[in-house]
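Reader: I would like to learn how to read salt bridges in a model. Can we work through one together?

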Amino acid sequence: MYGGGNSFEHLDLDRSLENEDPQLLAEFEARIARGEKIEPSDWMPALYRKQLIRMIEQHAHSEIIGALPEGTWITRAPGFKRKMALMAKVQDEVGHAQLLYAAAETLGKPREKMIEDLINGKSKYSNIFNYPAYTWADSTVISWLVDAGAIVNQLANSKGSYGPYCRALDRICAEEAFHLKYGHHSVIHLSTGSAKQREMVQAALNRWWTPLMHFFGPPDKMSTHTEILTRWKVKMSTNDENRQQFLDMYVPKIWDLGLTIPDPNLKKNETTEKWEYTEPDWEEFKRVINGDGPCNKERLAVRRRAEERGAWVRKAIMKPVEKPVTPLA
Ligand code: FAQ
């Protein structure tokens, strides 16, 4: 059972792999064990392809939807420098989606189909972008801590087995490192500012803490895909390992700023060296990732409108030239 409620499906690996040629499968797994990269034209089990498409596609969607909560703060960012920095960050996130859609396309799913599945609500994207950014402080907490969480996951996975995804992640991580610095700087500014600014940033942290704990995915014992994805080195660390690493790296930094974390049970167990925390509400997580979070409808409506508005551009670009223009003599 999942957090006292319904569970995610169990992936039956024996059944999923029963149609694969055992020799090809063994060779493929040996290559992965040797740390070789798998490239698009190489043989791969159907499940590897399917899992990669699912994960990279969800990641790409998360980047374009992820641009929305912060994007709404560009016009209201305090001061010209912050406006420029936030605008560059949001552009980067959209660029990450481009890289990731291109990586997923190498596995055979057309980009148009991926976008269609996103706007029809068939594909998932990160839980965290379905929450509202009410204040400027929300935007800074996203830039710092959501980017921090994303880096923990993506830096590990950039050492994974699928070449095009790893190369996209290398580039993405380099840019995310700037976002993290920008976000940290903005949060430092607020938390060392006036009483009102400290209050704002604390309130934002309180709002984002549960979604952040959810961000790394369900606990390992409940995860559907971790077993096969770690075996095939697509995921280089598990959901729980990433959550622990995030807590290790960022809880001390949050406390250093004089901010509190809205979990009275959060502490590091010195014997196990693991963080203990109140289990976040996993039923809320399930609702949010399945379309029933505070902003899911709004986020998808924005993407849908963007698709409709851009249709004429795509049509114009794709239209075959009827009569070639004669170059001037
Ligand atoms: N949100 O079996 P697992 C960013 C779903 S990028 C929504 O553990 P898996 C940059 C999962 O899909 C953020 N759904 O799944 C930025 C599965 O459902 P399915 C995105 C989630 O794949 C910053 C089910 O639960 N990063 O933030 C989530 O082994 C600031 C069972 O879960 C990536 O996508 C979730 N958080 O592990 C942009 C990184 N967690 O498909 C703008 C790549 C789980 O069976 C501003 N992805 N689910 O229907 C991954 O590393 C993995 O896919 C995980 C999930 C770790 C997200």
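The dialogue below goes through the salt bridges of this structure.

Author: This is a predicted model, where local features need pLDDT of at least 70, side-chain atom pairs count only at pLDDT 80 or more, and totals for chains, interfaces and linings use all residues. Residues are numbered from 1 along each chain as its sequence is written, and side-chain values use heavy atoms, with hydrogens and water left out.

Reader: What is a salt bridge?

Author: Side chains of opposite charge can pair when their charged atoms come close. The rule here asks for a side-chain nitrogen of Lys or Arg within 4 Å of a carboxyl oxygen of Asp or Glu. That rule gives 22 salt bridges.

Reader: Which residue forms a salt bridge with Lys89?

Author: Asp147, with the closest N and O atoms 3.0 Å apart. Lys89 sits in helix H4 (residues 80-105) and Asp147 in helix H6 (residues 136-157), so-called distant parts of the chain, 58 residues apart. Helices (H or I, at least four residues) and strands (E, at least two) are DSSP runs, numbered from the N terminus.

Reader: Are Lys89 and Asp147 buried or exposed?

Author: Both are buried. Buried means under 20% relative accessible area, exposed over 50%, partly exposed in between (1.4 Å probe, protein chains only).

Reader: What do the side chains of Lys268 and Asp248 form?

Author: A salt bridge, 2.7 Å from N to O. Lys268 lies in strand S1 (residues 267-269) and Asp248 in helix H10 (residues 239-256), so the pair ties together parts 20 residues apart in sequence. Lys268 is partly exposed, at 28% relative accessibility. Asp248 is partly exposed too, at 36%.

Reader: Which residues are linked in a network?

Author: Salt bridges link Glu57, Lys109, Lys113, Glu116, Asp117 and Lys122.
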